[in-house]
Amino acid sequence: MVKEENESPNRPDNTAFTQQRLPAWQPMLSAGIVIPGFVLIGLAFIGIGVALLITSRNIQVLELDYTGTEQNSPCFQCSDPDQQDCVCTLQFSINSLFEGPVFFYYGLSNYFQNYRRYGVSRDDGQLYGDLSYFKEPYDQCEPYRFDRNKRPIVPCGSVANCIAVYTFRLFQIVNGQQKEVPLDGKGIAWWTDYNIKFRNPTVTPLRNAFNSTAKPLFWPRPAYELDPSDPANNGFINQDFLVWMRRAALPDFRKLYRRITEGDYANGLPAGNYSLEIAYNYPVLSFSGRKMVVFSNVSWMGGKNEFLGIAYLVIGTLCVVMSVVMLIVYAKFKFPEED
Amino acid sequence: VTELIRDARHSMWKHVCGFSHCVRAQQPANGKKGSLLRIRRRESSSMAWWNPLALIRDALTGQRVRENDLRHLVSNLPYEGLGKKKQPNRYLPGNAIKTTKYTLLLFLPLNLFEQFHRLANIYFVGLAILNFVPVVNAFEPEVALIPICVILSLTALKDAWEDFRRYQLDKKLNSMPCFIYSRKDKQFGERRWKDVQVGDFVKVLSNEIVPADLLLLHTSDRKGMCHIETSNLDGETNLKERKVVPGICEPNFEPESFNSVVVCERPNNNLNHFKCYVEKPNTEKVGAGIESLLLRGCTVRNTDHAIGFVVYAGHETKSMLNNNGPRYKRSKLERKLNVDVIFCVILLLAMCLVGALGHFFWRQALPGVPPYLVPDSNGHVVSPSLSSFYMFFSMIILLQVLIPISLYVSIELVKIGQIFFITHDIDLYDEETDSRIQCKALNITEDLGQIEYIFSDKTGTLTENKMVFRRCSVMGTEYPHKENGKSYKRITEEGRPTDSLPGNHVNSANSLSHIAVSNFSKVIDRTNSSAQETEVIPDRKLLRRVSVAESTSISSQKMDPHFDFFLALAICNTVVVSMGTAQRRRVSVLFTVIKAGSLRNIFAPKRDRTFSDTSFKEDDRFNPFPQVDDSGVFPSHSQRDESSGLCYEAESPDEAALVYAAKAYGFILLSRTPDSVTVRMPSGRVLVFEVLDILTFDSNRKRMSVLVRHPITKECVLYTKGADYSIMELLGAPGNQKNVVADTQYHLDCYAKEGLRTLCFTKKVHGEEYEQKRACFVAKAAIDGREQLIMDTAVQLETKLTLLGATGIEDRLQESVPDTILTLREAGIKVWVLTGDKPETAVNIGYACRLLEDEDLVINMSCKNKVRSHLTSNISLVIDGRTLAMLLSKDLQGRFVELAKRCRSVLCCRVTPLQKSGVVKLIREKLRVMTLAVGDGANDVNMIQAADIGIGISGQEGMQAVMASDFAISRFKHLKKLLLVHGHWCYTRLANMIIYFFYKNLANVNLLFWYQFYCGFTATTMLDYWLLIFFNLFYTSAPPIMFGIMDKDVSAEVLLGVPELYRTGQGAGEYSFCTFWVSMLDAFYQSLICFFIPYLVYQDLDVDVFTFGMPLNAVSLITILLHLSIEIKAWTVVHWIIMLGSFAVSLILTLLYTSCVTCNSYWTLQNQLTDPIFYLICIITTVVALLPRYTFHVMRNSINPSPIVQGRHLDRLDTSTKEAWIKEWRGYRGGGEVKRSKLSTPPSPSTPRTPTSPDFLGNEITLNCLNWGCPNPFDRIRTF
């Protein structure tokens, strides 16, 4: 045989690969074979669907719109863009215990945080605390890169510039007395954002790092004074700032404002009347947006979402129906060798 | 001298003033006198000035010299050592070759320039540039450059590597050693190939390769002959003779005394044609043609050395001019694909328009300027209309993947893979010639799966083209050679001769050859069948008759016709006798060894006379010729077995068969030189015939003649052989020949009906032929109209011939040809046979190879339009050449095509090469079908090039067909697997791959599009751009390529067993308008699902852009991969590895990428992976997205399974059941077992004439056919 190989240098290798004879699994998609699969998937889906739906039904959500475009809205007065430092109060009541931990979101609609030019208008180098970017911000930040006096803006760019600075105070009305509900502002941002992606410059005090820089045009206070109450919550690692900088995917969005986890309210908001004091300072008329606050508790699957459960139920049912159809088809058109 | 100077000045002046045509030394009419002088004069004049003007003029002169129709070349030797400016041939290129495209310095610009010829690259660059325009960019500009850079640099790398390989090869060739004569050294000195110049004298030793095109002036052979092997050039391995230009350098060659001018034509790429004459100082002209030209690349054989004058060098040599790059054909699928790409472009523009309009309306609807609207650097907000105009271009950048540029790259890769598998198929490998299938056109593999018409040559394609002498008729008497038939029958009954015969040979061979045999048993196996086929067992009656004839003719000085007949067989040809010298191919040496043994075995009665019992001595082979001089007749003084070392090298197998037949009767052709032929008589006497002239074969005359001086009678005898119809009309006065002619014609008809190739042999004794011979010589000298003059000479000589007899040569059908044709026909392919043979032969072969069936209605379309009718619906058409010519005319074309469309098979006879291509073109254009042409000879080249796919069969006929073809196979039967299996696979694989690619791109890109509805149509991506690049580059690129190379819908056994499955690819096939749009709609649907299920889940939650994008990405990836898994028909290990690998790679790469801190999507996937919602989304979205397709497949497979699906069901059965089923199916369909070839049972000679034969053979038609210039089998005898 060795000689034979020598004599035929052109002879192709007779291997399973070159001769395309590799052992192969050849699945046949025909009715008879897929029926069990359909039944299994259908049943599993129905199971998941039911579980999801039950979980979702147990989640309580309270949405309160306070845009104030309507005459009877308590914030009607404040919705005028000319109004400065307007405060309005929203009254609402809870009929049964709102189980904790309660998440307190603020919502905006028709606000396109995903607008491309808006989205790229930020400087991750600055936000990482790199001082060289403080002097020469990233050019995508235009026109929020330098102020009129050619001082670099820190943090530069549109995203930071447009931050919605909210101040909400929640009171439970107990016997006519307002009892403030403590709001927990820690840990509302992503852990990685707070610890890794965003950093303050290693300059103490922090304000020295911002020498010869300008605050963003729309900001009332510079970055190092974002939270006067907590010195550690300033600069780029301010929790509200972090939440805002993580741009929303869709134009109608909500962002986490606070959590209610402390004191008397650790188990949730008890039934009763509440009042929400809103510092109304972000006009939305220019984009016909709406503003709201949302109270919600969460489960293992996150916020309330009925859709997923319904979808699983529907598809599961569909699969079961399909398997019945397949059965009929199989009975009528089976292949001889499937017997 | 003054006149000379004046002349020079005159021409000078004309040069300067732009009269560029002043020097007319090249005109042959004027050049009679002193052209050499004139050339020299011009040289001197051009030397006189040394200024820029002179340089320009010099360049112009060079240009003109190169482009002149005639070139005047003189020896370089008188100018040796002079400066370059003084060299006479300095305008002509040297022998150094450079085939590289680039130089080191200019590689980058040239390569980029080359690459930007591709439209796809321009598209890419356009997008990249668009991205640099700040107002429209959709991605970071630098990042957008990555794809184009990757593609350009990969291609550049490949080009550079190829160019480097070419450079190395050039360097190797240029530095090969050769011998150039040097005046200084007075001898040939060793130099390099690149040093060779036009006008040099080059010496080539035996077995060396010729460095440039040389005009042969001198050889070591006393008679001025030189043998060359042209296998490097055209693959033909038989030796060819070249002879020196007569009368130039005799008797002793002195390069320095060569003072003639060689006038030759401009270089061209015709390997078989060369026109030249040598003008001696005394103005005598000697013509020379291709028979005196040694081509670059040939190998000198059997000759100690040859000296030639370089006429063309380097890139002007014929071999270099023939060196074309690979053929580029565009396949049908690719043409359709391009249409669909245009649909994609329209779709892209539509989507961009939607985006732009959407953006406009979104902006219009805004009541004010919202804070998120970023103004430009001046603080102004761009107006909605301008912004939406910009957005249109941004959208193009965003959705660019919709145009599947990567598809083109993938298709190339897939085709490389497909070709790998085709060339590695062991079933398409031929043991005998040790050759695989060659794929010359790299991009039409899938066309093999769509063939509707096959046009096949007959000889050498359907038949083996290994000619066997079968029967002959001498002077009107038929000698049926029954033993011959029997031996053949025995062989066929025993199966293939190679199986049973080697043993016999080994046993009978003597000790020495025994050793040889055992050493090279493999070679013998391979050569044995051909050895067997050349054997002719003489007819006893004829043998007796011949021995009587010889004795009478020698004694009485009067030639017996039988004697003449065999002399004609032995002499009237251009067969080269080669000694089985060691340096020749080993195969032929062994071939002769075996023959010696087997001859002794079979020719038992003749042993004592022809073959001696002396041991086979090795030196016999090297010196087989008896020492003879030119004086004529010899008594036999050599009793040694000289014939054993003989090896006949014929350009046409017919000729070899005839020579072997003559040998069987004892007329052994011993040697051939241009001037003489040596033949040994049965009695052992050796006759040397002086050859006065050879009128070579040409397709107009259809005959060839040899004019010899007979050594016994000293007469000039003209032996002519040729096609019967071309001979019969040239016969002399009927007289006593009348009966002979009639009987011979009858025998010829019988032979033709048996499917034998017929030839007639005639003789003519010329009394005083010197004048005509002289005329012929003069004719050859004239460079123009030479063919015409030879023709005229031939017409004068070949008249009043005396008929000697006729031969019937069998051309056996190749192995399993009938089965192949039957299978192809069952596969829905119409097989047409276009042959140059006569109708009877062709019809017979047609029946034998099952092209025509007994129950067919065969319409014979000849001049008389006789229709033979049986009661059947299968119509077959037989057309002869003349009728075909009429049918191809404009007004009949339409009706012919209509008729041919209804016919199951068509057989065209006596077709010229041009008509062959005409038929192919007509059918291809009128019916718009895929055509395939298969042939093996030079006469099929036209047809091969005209068809969509040209297939060459590398056989006995040289390589012209193979060179022109897209695929080269070695046997006709390989066509079956090539088409039915590889064609089908390649087509379905590629079609499905392309459809999948379109789907994939659309499904992926549409996610971005749907997102635009939720971001104000601002070209935002919810995924990092890098991840988008990864998606196409790493995640989803390998699976479709693997799918295109390796998927197997039905196994090869089933495809071969059920040829009907081939029909699925014909016509539109799987890649149709419908399938394309269905998959596009599916892509739309799936992208909708993949976008909106996650959207609905996340719509009220606090989700950020990239967290939202991550499940979309994952879902899209899973859906796209699972979609492919539904399409994959057979999962091998490779499939699993690639599919799972792609998934793993995508997971790992995305995880790695999202670990980069400065990236937008930092930690998003890691976050998502901890969220159960992510998994729940992935599961439900994938299921919903794929449910319709899956269900559709299941339902269609169950309710209305396609033939392919049924084939796959068949595949799942175990082997024995499968075989039984296929057998049953074939039986049911009526295919049955293949009938025995009709040729294997020799019919009795008394076959009654059927009514059809007179229709074809009537004189009227014969004449007509001549007028119409029909070819005959002799077409294949070409003059090299």
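## The surroundings of B:T303

In this predicted model, a polar atom of the side chain of B:T303 lies 3.1 Å from the backbone nitrogen of B:H227. B:T303 itself is found in the loop between β12 (299–301) and β13 (305–312) of chain B, and its relative accessibility of 2% falls under the 20% limit, so B:T303 counts as buried.

Leaving aside residues up to four places away in sequence, B:T303 touches B:L205, B:S206, B:T219, B:S220, B:M225, B:C226 and B:H227.

## The interface of chain A and chain B

Between chain A and chain B, 86 residues of chain A are in contact with 105 residues of chain B. The two chains bury about 8,300 Å² between them, and 63% of this area is on carbon and sulfur atoms. On the side of chain A, the residues that lose the most area to chain B are A:Q20, A:L29 and A:R116, which together make up 10% of what that side buries.

Polar interactions are also found across this interface, where 27 residue pairs are in polar contact, with both residues of each pair at pLDDT 80 or more. The elements of chain A that give two or more residues to the side touching chain B are α1 (2–7), α2 (31–57), α3 (116–119), α7 (191–197), β7 (253–260) and α10 (306–332). Of the side of chain A that touches chain B, the largest share comes from α10(A), with 10 residues. The interface of chain A and chain B also holds two salt bridges, one of which joins A:R11 to B:E431, with the closest N and O atoms 2.3 Å apart.

## Disulfides of chain A

Over all chains, the structure holds four disulfides. When the bonded cysteines are counted along the chain, the disulfides of chain A follow the pattern 1-4, 2-3, 5-6. A disulfide is a covalent bond between the sulfur atoms of two cysteines.

One of these disulfides joins A:C75 to A:C88, with an S to S distance of 1.9 Å. This pair links distant parts of the chain, since A:C75 is in the loop between β1 (61–65) and β2 (86–94) of chain A, whereas A:C88 is in strand β2 of chain A, 13 residues apart. The torsion about the S-S bond of A:C75 and A:C88 is about 75°, and the disulfide is therefore right-handed; both cysteines are buried. Another disulfide joins A:C78 to A:C86, with an S to S distance of 1.6 Å, and here the torsion about the S-S bond is about -60°, so that the disulfide is left-handed. Both of its cysteines are buried as well, A:C78 at 4% relative accessibility and A:C86 with a relative accessible area of 10%.

A disulfide also joins A:C141 to A:C156, with an S to S distance of 2.0 Å. Both A:C141 and A:C156 lie in the loop between α5 (132–135) and α6 (158–161) of chain A, so the pair ties together parts that are 15 residues apart in sequence. A:C141 is buried, and A:C156 is buried too.

B:C178 is in no disulfide, and the nearest cysteine sulfur, that of B:C298, is 15 Å away. With a relative accessible area of 3%, B:C178 is buried. B:C1015 is likewise in no disulfide, the nearest cysteine sulfur being that of B:C352, 14 Å away, and B:C1015 is buried, with a relative accessible area of 0%.

## Annotated transmembrane regions of chain B

The UniProt annotation "transmembrane region", which comes from an unreviewed entry, covers residues 337–362, 389–411, 978–999, 1011–1035, 1073–1096, 1108–1126, 1133–1153 and 1173–1192 of chain B.

Notes
Residues numbered from 1 in each chain as written. Chains lettered and ligands numbered in written order. Predicted model: local features only at pLDDT ≥ 70, side-chain atom pairs only at ≥ 80, totals over all residues. Heavy atoms only, no water. Disulfide = S-S within 2.5 Å. Helix = DSSP H or I, 4+ residues; strand = E, 2+ residues; numbered from the N terminus. Buried < 20%, exposed > 50% of the residue type's maximum accessible area, 1.4 Å probe, protein only. UniProt positions renumbered as here; feature names shortened; annotations may be inferred. Polar contact = N/O pair within 3.5 Å; in protein donor to acceptor, adjacent residues only side chain to side chain. Contact = heavy atoms within 4.5 Å. Buried area = accessible area lost by both parts, 1.4 Å probe. Salt bridge = Lys/Arg side-chain N within 4 Å of Asp/Glu carboxyl O.
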